[in-house]
Amino acid sequence: MKIYDAKPILVGLAIFLGITTFPFWYNGGKASPPPEPKLDTPVISKMEKKECVASKDYMRKSHMALLNEWRTEAVRKANRYYVTAGGKLYPVSLQRGCLKCHSNKADFCDQCHNYIGLKPYCWDCHLSPQEKKTTTQVAEGE
Amino acid sequence: MGMKFALNVVLGLALFVIIGVKLLGLHYLFGVIIPYTAVTLFFLGFIYKVFMWARSAVPFRIPTTTGQQRSFPWIKPSKIDSPYTKWGVVGRMALEVLVFRSLFRNTKMLKREGKITYHWEKWLWLAALAFHYAFIIIFIRHLRFFADPVPGFVQFLEKADSFFEMALPGLLITDVIVVAAATYLLIRRIIIPQVKYVSLPADYFALFLILALVLTGITMRYLWRVDVVKIKELTMGLATFHPVVPKGLSVIFYLHLFFVSTLFAYFPFSKLMHMPGVFLSPTRNLPNNNRMVRHVNPWDYPVKVHTYEDYEEEFREKMVEAGIPVEKPLDKPVEQQEE
């Protein structure tokens, strides 16, 4: 079989295959195990019935939409409380609501976010729990 | 007719997945076997096609030129539109591949007051360019499911793509662009009579398939959300050749995966091969140097020739006798020989 212009064609093909097989060589055949967000914070372990504002399945898929809704409700409509399907009242607040239980950002939020390479812009404005401690102390005049 | 057929094929594919996943529970088939088969077909088919093209000889320069050929030194040549050097060709190809220059030259022919006139028509170029760039950005963004840790350029693209920070999960502007552009390309095909006349089922199928692929992806992100972490578990399994199928993946994800698998498998055998094809177009990638360089047909076999010198050598005596002029005279004149 005669190949014409073999050099440029083979070089082009090699470049194409090098780029398109990226997932196969970049990972070197190894993937880190899927993340397991931890729920062993002091507040959660004290809870009798361990439940969030919505089902686990919903929270895994759509927590970001809920947070967005909460932000709109609190900031624009001043609805600062959220009633869950189970009839519980939660403060609509990242710091006093979500992060009260999930005070382990590194072992909870960051686990999945880092796995899928996501940097949520929550933390552009909000403080993570570790940082919070010192600032609330300052705010409360301690 | 062709459009209906193509649409039915895409809908049939969707139905196939829904039956396979929902009713029969063939998760491993749709999550692992079909994607691997599709990617294998893509690579083998792609390489095969390129080799088949490489077997065709291109003995002569056949560029379609749109500018002044290099000629006398006092005539200004068109370096890119009628390239005569390697770098001219590189420039021409770069413009073609990166900004679709030949589409930019598109005009619309109209008959006005009995005269044929040519009009400004850039919408096809604009939609094609928007579609291709949005598609490649979406393609690269998806590497976040196939790389661990996610490389910086993928994160950067995602950040830039969700620049407007609308809604959560953030609206990706390429999602909007790719749907708008593909829809335009489809509508254009349907409403312009001449374009509709030359459209085949394969032309509609590619558009419907890509639209279905994109729309299932958008649905998964904004409407019928899925567990992204579980999906990455599956895709990383595929990328590292340790396939696993996590439980609880929704059918919309399998639809998306099947559409992209179909696209991969279909790619080498369809018009989508214009991706490598543009680089191997003899009307674009050859310099217009027919008048500067002698191009010899590569399949010329050694022809048995009888040159004039040999001919004269053979018949010189008879030629001289008959009074035909010869280039080289006989050693002795004929009359002298006779005496």
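**Exercise 1. The hairpin of chain B**

Find the bridge partner of Lys111(B) in strand 2 of chain B, then work out how strand 1 and strand 2 of chain B pair.

*Solution.* 
1. This is a predicted model. In strand 2 of chain B, Lys111(B) has Ile116(B) as its bridge partner.
2. Take Leu110(B) next. Thr117(B) in strand 2 of chain B stands opposite Leu110(B).
3. Now take the whole pair. Strand 1 (residues 107-112) and strand 2 of chain B run in the antiparallel sense, with 6 bridges.
4. Look at the turn. The hairpin has 2 residues between the strands, and Glu113(B) takes a positive phi near 50°.

**Exercise 2. Buried or open?**

Decide whether strand 1 and strand 2 of chain B are buried or lie in the open.

*Solution.* 
1. The cut-off comes first: a buried residue has 20 or more other C-beta atoms within 10 Å of its own.
2. Apply it to strand 1 of chain B. Of its 6 residues, the number buried is 0, so strand 1 lies largely in the open.
3. Apply it to strand 2 (residues 115-120) of chain B. Here too there are 6 residues and the number buried is 0, so strand 2 lies largely in the open.

**Exercise 3. Helix 5 against helix 6**

Classify the packing of helix 5 and helix 6 of chain B, and list the residues that meet.

*Solution.* 
1. Start with the geometry. Helix 5 (residues 123-141) and helix 6 (residues 152-161) of chain B pack at about 130°, and their axes are 9 Å apart.
2. That angle makes helix 5 of chain B oblique to helix 6 of chain B.
3. Helix 5 of chain B passes helix 6 of chain B in a left-handed crossing.
4. List the residues. From helix 5 of chain B come Ile137(B), Ile140(B) and Arg141(B); they meet Val154(B), Leu157(B), Glu158(B) and Asp161(B) in helix 6 of chain B.
5. Sort them by class. The contact of helix 5 with helix 6 of chain B has 4 nonpolar, no polar and 3 charged residues.

**Exercise 4. Helix 1 against helix 11**

Repeat the analysis for helix 1 and helix 11 of chain B.

*Solution.* 
1. Helix 1 (residues 2-23) and helix 11 (residues 251-266) of chain B pack at an angle of about 130°, with axes 10 Å apart.
2. Helix 1 and helix 11 of chain B are therefore oblique to each other.
3. The crossing of helix 1 of chain B past helix 11 of chain B is right-handed.
4. Helix 1 of chain B brings Leu13(B), Ala14(B), Val17(B), Ile18(B), Val21(B) and Lys22(B), which meet Val251(B), Tyr254(B), Leu255(B), Phe258(B) and Thr262(B) in helix 11 of chain B.
5. By class, this contact of helix 1 with helix 11 of chain B has 9 nonpolar, 1 polar and 1 charged residues.

**Exercise 5. Where the chains touch**

Which helix of chain B gives the most to the side that touches chain A?

*Solution.* 
1. Count the residues. Chain B puts 31 residues into the contact, and chain A puts in 33 residues.
2. Pick out the helices. Helix 2 (27-54), helix 6 and helix 10 (228-239) of chain B each supply at least two residues of this side.
3. Helix 10 of chain B gives the most, with 7 residues.
4. Check the classes. The side of chain B that touches chain A has 20 nonpolar, 3 polar and 8 charged residues.

**Exercise 6. The layout of chain A**

Write out the order of elements in chain A and state what share of its residues is buried.

*Solution.* 
1. Chain A has 8 helices and 2 strands.
2. From the N terminus on, the order is α-α-α-α-β-β-α-α-α-α.
3. Of the 142 residues of chain A, 8% count as buried.
4. Turn to the contacts. Among those in chain A between residues at least 6 apart in sequence, 55% join residues at least 24 apart.

How values were computed: Residues are numbered from 1 along each chain as its sequence is written. Chains are lettered from A and ligands numbered from 1 in the order in which they are written. This is a predicted model: local features need pLDDT of at least 70, side-chain atom pairs count only at pLDDT 80 or more; totals for chains, interfaces and linings use all residues. Axes are lines fitted to C-alpha atoms, for helices over the stretch in contact, and angles run from 0 to 180 degrees between N-to-C directions. Helices (H or I, at least four residues) and strands (E, at least two) are DSSP runs, numbered from the N terminus. Angles under 35 degrees count as roughly parallel, over 145 as roughly antiparallel, 65 to 115 as roughly perpendicular and the rest as oblique. A crossing is left-handed if the near helix is turned anticlockwise from the far one by less than a right angle, and right-handed if clockwise. Two residues are in contact if their C-beta atoms, placed from the backbone, lie within 7 Å. Ala, Val, Leu, Ile, Met, Phe, Trp, Tyr, Cys and Pro count as nonpolar, Asp, Glu, Lys and Arg as charged, and the others, Gly among them, as polar. A residue is buried if 20 or more other C-beta atoms lie within 10 Å of its own, exposed if 12 or fewer, and partly exposed in between; C-beta atoms are placed from the backbone. Two strands pair if DSSP finds at least two bridges between them.
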